[in-house]
Amino acid sequence: MRNAICLNSEYVCQRSRFPVWQKFAGYLDTWRFITCGLALTVALPLTVILWSFSYQTQEIWQHLARHVLADLLLNTAILAAGVLTATLILGVSLAWLTGVCDFPGRKIFTWALLLPIAMPTYVLAFVTVGLMDFSGPVQTFFRAWFPASKGWFPNIRSAGGIIIVMSLTLYPYVYLLARGAFRTQGKRAMEAAQSLGWSRTSSFFKVALPMARPWIAGGLLLVLMEALADFGAVAIFNFDTFTTAIYKAWFGFFSLPAAAQLSSILVIIIFVVIAVEQKARKKMQFTQSGRSEGQFDRIKLQGWKKWIATLFASAVLLIAFVIPFLQLLIWSAEIFSEEFNFRYLGFLGRSLFFALLAAASVVCCSILLAYASRQHKDKLTQFLLRISTLGYALPGTVLAVGIVIAITAVDKQLAGILKTFLGYEKGALIQGTILTVVAAYLVRFMAVGYNSVNSAMQRITGSLDEASISLGVKGFSLLRKVHIPILKTGILTAAMLVFVDVMKEMPITLMTRPFGWDTLAVKIFELTSEGEWERAALPAVALVLGGLIPVIILTKQTEK
Amino acid sequence: MKKPILVLTVFILFLISLTGAAFCEELVVYSARKEHLIRPLFEAYTKETGVKINYLTDKAAVLMQRIKAEGQTTPADLLITVDAGNLWHAAQEGILQPVSSKILAENIPSHLRDPGNQWFGLSVRVRTIVYNPQKVTPNELSTYENLAEPNWKGRLLLRTSKKVYNQSLVAMLMTEHGEAKTEEILRGWVKNLAAPPFSSDTKVLEAIAAGQGDVGIVNTYYVGRLLKKKPNLPLRIFWPNQNANGVHVNVSGGGVVAHSQHKEAAIKLLEWFSSEQAQNLYADVNLEYPVNPRVSPDPKVAAWGKFKQNPINLDNAGKFQARAIQLMDRAGYR
């Protein structure tokens, strides 16, 4: 009898479980599973932040709305519009010049124009203010030699100043992505358009530029997120933006809930921008036909035009990188003997270690996500993908709090499980370990990796997948054998961007690092927050040099 | 062939990742006082007692949030911050615990520590008036309040209102004058500004020396630091409010974390910080004033002369901080 029941129940189980499981399994294949998992990782800290809406913060909101918010929103809009316009113009024009045209010095500018990406915005900000403000050497010089010039100088600590500084450090995002697009299709598109009798100018604006749109948009999106979430540079300029309100709520009014509520508005703005952008280009396909990286004849600029191109590229490079870097070197030389010790090797090593670890994990996850996005066009997957890349939109500090709270909660559960099942008792497992740091970087920088891998993935035609599948190559092996080799440039770009971003990253590293894991960025924070700009130059130089390593590797790999 | 190596690498990286966990047998300090200003003290303490100190630096509010999130599992034993406002908030949020120590009570004047014994000032930071002697004679100067008068129009330079030092200064003005009068003073300051507020005290000093403005309000140790590097800058210190309540002072200080696993050891460290042997190290490394009245400041600091300091308990800096910020926003002080 017992036996019979047993058999019976097993039979029932099998019958009832099978179809449901199958249906479920049919939906939840590996790729959806990965997407879900990663989206969840990002969603957890975001939920913590959104949870803040359950707290009463009326008084702070009222105060901010009455006295502060209008100015801040206006300032933020000016900053965003200015930086987007400037990075668009700088990034696209330089990408076109070095990617498709030929002019004196092009080979050097191709990689040199990427250098400013290694310069953190807050470093360029303090160098610029140090050089250009009233008490700085430039104005002092002019006052001494041309007393009549007094009062002529526009105030550098203004909207214009901060827009210039941010654009000069952020344009490489647009430059890098747009250049990849132009290189692979620009020239051919121009030829096609010109064969139809269009002028060079109109072929550029009507064919080459629209065709590069997903990449330019991807770059601009990174720029926008970076500009909206920036706190360091705007603090140095004392230029109040939306992040100022966030920090005021937290550090001034000691209300983390109010700060989190304000930050979630940033997330919503970014979410809407992404949605609008994707909707607008939904019907478009951006695949390419034929060979991609083949040799082509560049447009050779003639006469004065080529010299204008050289002049323009050198001016950007000089202002964005050479002059500020020289200033950093001068300051470093002044304090080197008292400031330098062997601990700096540790700071550098840990910066590089974190950056490498983060780049590897973000790139792996980005590839998986991009492939999942290719496999599944359904709404849920696309929504989850969008969630997974939202971490970049938040100010780092606020995100870091979300992460620390989320990890502590997970940790407590884990500790409970371990205690009940293994009788093993240890206060914290993940909290305060490098795992926390890597998870935090993953949440923050997924957008950076995903954007460049995915835009490269979009260029692979669907017919390639069909051909591979018909030959029996699918799933992981399709990704590994077919896609990844084609994606090489996109992957390297993603790795470099994440590496450099992590090197420069400050608030998350500060909040999640384990004891003794101080990095160069931490050192810069400590010195600059005490107003010791000159002493901060030494770690800043090391940071820039460390960030240059992947830039050089990338250009070596992609420019053969 | 490649796979096992890959798996091994990932595994090793994972193991390394777990090594950062806190070692619970040593003292852990979360410090908003920056590493280069606190490390020499830790080193001296370890040398003297053999107690190893692990520390972590960050902004005060962030460290406090981290302690809150970590809850009972927090590895932190001692929280050190700059500014009394931050310490007051830490006590308010239940992060710290009361400590009864005769030594601390003896070494630290009562207006520089918490009436509830949760936090203790460890060095004194004096926020005073600095002027350019080529443009101002000392008898033009008198009080903080006086800088709001029309004769200072286009001559005053200030640091941003987002810095907690200014918030505490304004909170203390509110304690003395009430809200309406303080707002009037702030509006006067803003009207008199020669340039938009700066991001740091050092920038204010450089601008005064360069002649962008004539007078400003800064912490004295920034003056000391700058003059050490460039001794010829035209900068002089003035002690305001000497016929009234005295110069505004603030502290950097600390308290024992509520969930500390090593309460006794943490109190010992606090007591040592306030002792005569440590006070000079604590203050002189940054040209601040010792909190212990039996210890005299660095000769360079002492040369600025003696002054009367505001005896109102710094507790008020925390109590009025939020309202001070609102007031500064209302007055248009950025």
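How much area do domain 1 of chain B and domain 2 of chain B bury between them, and what share of it is on carbon and sulfur atoms? In this predicted model, in which local features need pLDDT of at least 70, side-chain atom pairs count only at pLDDT 80 or more, and totals for chains, interfaces and linings use all residues, side-chain values use heavy atoms, with hydrogens and water left out. Residues are numbered from 1 along each chain as its sequence is written, and chains are lettered from A and ligands numbered from 1 in the order in which they are written.

The two domains of chain B bury about 1,500 Å² between them, 56% of it on carbon and sulfur atoms; buried area is the accessible area (1.4 Å probe) that two parts lose on being put together, summed over both. Of the area that domain 1 buries against domain 2, Trp88(B), Asn250(B) and Leu287(B) supply 33%, more than any other three residues. Domain 1 covers 27-124 + 250-302 and domain 2 covers 125-248 + 315-330, with bounds from an automatic or database domain assignment. Their centres, taken over C-alpha atoms, are separated by 27 Å. The contact (heavy atoms within 4.5 Å) takes 21 residues from domain 1 and 17 residues from domain 2. One salt bridge is counted between the domains, the term denoting a side-chain nitrogen of Lys or Arg within 4 Å of a carboxyl oxygen of Asp or Glu. Arg125(B) pairs with Glu288(B) in a salt bridge whose closest N and O atoms are 3.1 Å apart.

Within chain B, the axes of helix 6 (residues 164-177) and helix 14 (residues 321-330) come within 8 Å and cross at roughly 100 degrees. Helix 6 of chain B is therefore roughly perpendicular to helix 14 of chain B (65 to 115 degrees; under 35 is roughly parallel, over 145 roughly antiparallel, the rest oblique). Axes are lines fitted to C-alpha atoms, for helices over the stretch in contact, with angles from 0 to 180 degrees between N-to-C directions; helices are DSSP runs (H or I, at least four residues) numbered from the N terminus. Residues making this contact include Val170(B) and Met174(B) of helix 6 and Ile325(B) and Met328(B) of helix 14.

Helix 14 of chain B also meets chain A. Its axis and that of helix 12 (residues 242-252) of chain A come within 10 Å and cross at roughly 150 degrees, and the two helices are therefore roughly antiparallel to each other. Lys248(A), Phe251(A) and Gly252(A) make the contact with Gln321(B), Ile325(B) and Asp329(B).

Across the interface, 62 residues of chain A are in contact with 61 residues of chain B. The chains bury about 5,400 Å² between them, 56% of it on carbon and sulfur atoms. Phe254(A), Phe515(A) and Glu530(A) supply 16% of the area that chain A buries against chain B, more than any other three residues. Seven salt bridges are counted between the chains. Lys523(A) and Glu35(B) meet in a salt bridge at 2.9 Å, N to O.

Over all chains, the structure holds 35 salt bridges. In chain A, Asp378(A) forms a salt bridge with Arg32(A), the closest N and O atoms being 3.1 Å apart. Asp378(A) lies in the loop between helix 15 (343-375) and helix 16 (379-388) of chain A and Arg32(A) in helix 2 (residues 30-50), so this pair ties together parts that are 346 residues apart in sequence.
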